[in-house]
Amino acid sequence: MYNGKFKNIINLPHHVSQKRPMMSVYDRAVQFAPFSALSGYEEAVKEEEKRVTLTDDKNTKITNIIYN
């Protein structure tokens, strides 16, 4: 038996709207799907990666900065 602060409403029946149709499981899931806050960001990063080429020397310097 539940004795918490919602004990007066815990056993009430679930509300079903008379005005709005029930949302499909798919539509409910879409509400919580990940989204891209910055549209086009991923594509821009990929384009920049293609544009920038590193020599072995630059790559070594960057690696040393990151890991040392």
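**Figure 1. Ile66 in helix H3.** Ile66 lies in helix H3, which spans residues 56-67. Helices are DSSP runs of H or I with at least four residues, numbered from the N terminus. This is a predicted model: local features need pLDDT of at least 70, side-chain atom pairs count only at pLDDT 80 or more, and totals for chains, interfaces and linings use all residues. Residues are numbered from 1 along each chain as its sequence is written, and side-chain values use heavy atoms, with hydrogens and water left out. Is Ile66 buried or exposed? Ile66 counts as exposed because its relative accessibility is 59%. The classes are buried (under 20% relative accessible area), exposed (over 50%) and partly exposed (in between), with a 1.4 Å probe and protein chains only. From Ile66 to Ala44, the C-alpha to C-alpha distance is 23 Å, at a sequence separation of 22 residues.

**Figure 2. A nonpolar patch on the surface.** Ile66 also belongs to a surface patch with Val52, Leu54, Ile62 and Tyr67. Together these nonpolar residues have about 530 Å² of accessible area. Areas come from the Shrake-Rupley method with a 1.4 Å probe; for residues, only the protein chains shown count as cover. Patch members have over 30% relative accessible area and no salt bridge; nonpolar side chains (Val, Leu, Ile, Met, Phe, Trp, Tyr) are joined within 5 Å, like charges within 9 Å.

**Figure 3. Ile65 in helix H3.** Ile65 is found in helix H3. Ile65 counts as exposed because its relative accessibility is 67%. Ser36 is 29 residues from Ile65 along the chain, and their C-alpha atoms are separated by 31 Å.

Figure 4. The structure holds three salt bridges. Each has a side-chain nitrogen of Lys or Arg within 4 Å of a carboxyl oxygen of Asp or Glu. Side chains of opposite charge can pair when their charged atoms come close. In one of the bridges, Asp57 pairs with Lys61, and the closest N and O atoms are 3.6 Å apart. Both residues lie in helix H3, four residues apart, about one turn of the helix. Asp57 counts as partly exposed, at 49% relative accessibility.

**Figure 5. Salt bridge Lys50 to Glu47.** Here the side chains meet at 3.5 Å, N to O. Lys50 and Glu47 both sit in helix H2 (residues 41-51). They are three residues apart, about one turn of the helix. Lys50 is exposed, since its relative accessible area is 61%. Glu47 counts as partly exposed at 49% relative accessibility.

**Figure 6. Salt bridge Glu48 to Arg51.** The side chains of Glu48 and Arg51 meet in a salt bridge of 2.5 Å, N to O. Why are Glu48 and Arg51 separated by about one helical turn? Because they are three residues apart in helix H2. Glu48 counts as partly exposed at 36% relative accessibility. Arg51 counts as exposed at 59%.

**Figure 7. The largest pocket.** The volume of the largest pocket is about 290 Å³. Its lining is formed by His14, His15, Val16, Ser17, Arg20, Pro21, Met22, Met23 and Arg28. The lining residues divide into four nonpolar, three polar and two charged. Nonpolar covers Ala, Val, Leu, Ile, Met, Phe, Trp, Tyr, Cys and Pro; charged covers Asp, Glu, Lys and Arg; the others, Gly among them, are polar. On a 1 Å grid over the protein atoms alone, a pocket is an open set of points where a 1.4 Å probe fits, with protein on both sides within 12 Å along at least five of seven lines; lining residues have an atom within 4 Å of a point. Grid points are joined across faces, edges and corners, and a volume is the space filled by probe spheres set on the points.

Conventions:
Helix = DSSP H or I, 4+ residues; strand = E, 2+ residues; numbered from the N terminus.
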